[in-house]
Amino acid sequence: MHLAYPAVLAVLLFCVGLYGVLARRNAILVLMSVELMLNAVNLNLVAFDVWLRDKLHAGQALTLFTIAVAAAEIGIGLAIVLLVYRNRGSSDVDRLRDLAERPDGSDPNDDTTGGADGAAGRPRPDHRAEAAA
């Protein structure tokens, strides 16, 4: 078999995965797209290992290492996504921007307001608790 067939398939898998990472909003779909990209790399590693007829089978050994890293990445990634979904109610990637630091150095999750009515230091009301009551 020619090397071009698995290489073209790997390029197509990688492109579909890259599109999924760049275009999707759901964090679980982004993780699945990263898995597609890693599988494309694994396909290339095995195809070139067979094509080069390596005596040590280094490509296949590296593929097993990549599969182990991908399994760990999915386990940790899904745990983070589930915690974010539990706290926020959505796994939308665009809504996670408020987890980052602000450019001015202030904490976006600061629970105090500095209003002109003397409310500095008083915690903000929790809107979810009000909606449940």
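**Exercise 1. Decide whether Arg53 is buried, partly exposed or exposed, and state where Arg53 lies.**

Solution. Begin with the cut-offs: buried means under 20% relative accessible area, exposed means over 50%, and partly exposed lies in between, with a 1.4 Å probe and protein chains only. Arg53 has a relative accessible area of 70%, and Arg53 is therefore exposed. Next comes the location, which is the loop between H2 and helix H3 (58–88); helices (H or I, at least four residues) and strands (E, at least two) are DSSP runs, numbered from the N terminus. The model is predicted, so that local features need pLDDT of at least 70 and side-chain atom pairs count only at pLDDT 80 or more, while totals for chains, interfaces and linings use all residues. Residues are numbered from 1 along each chain as its sequence is written, and side-chain values use heavy atoms, with hydrogens and water left out.

**Exercise 2. Find what phi Arg53 has, and what phi His57 has.**

Solution. Arg53 is not a glycine, yet its phi is positive, at about 50°. His57, also found in the loop between H2 and H3, has a positive phi near 55° and is likewise a residue other than glycine.

**Exercise 3. Describe how the axes of H1 and H2 are arranged.**

Solution. Two packed helices are described by the angle between their axes and the distance between the axes. The axes of H1 and helix H2 (residues 27–52) come within 8 Å and cross at roughly 160°, where axes are lines fitted to C-alpha atoms, for helices over the stretch in contact, and angles run from 0 to 180 degrees between N-to-C directions. Angles over 145 degrees count as roughly antiparallel, under 35 as roughly parallel, 65 to 115 as roughly perpendicular and the rest as oblique; H1 and H2 are therefore roughly antiparallel to each other.

**Exercise 4. Name the residues that make the nonpolar surface patch, and the helix that gives the most to it.**

Solution. The patch, of about 340 Å², is made by Phe14, Leu18, Leu22 and Val41. Helix H1 (residues 4–23) gives the most, with three residues. Phe14 is found in helix H1 and is partly exposed, with a relative accessible area of 33%.

Definitions and conventions:
Patch = residues over 30% accessible without salt bridge, like charges linked within 9 Å, V, L, I, M, F, W, Y side chains within 5 Å. Areas by Shrake-Rupley, 256 points an atom, 1.4 Å probe, with all protein chains shown as cover. Salt bridge = Lys/Arg side-chain N within 4 Å of Asp/Glu carboxyl O.
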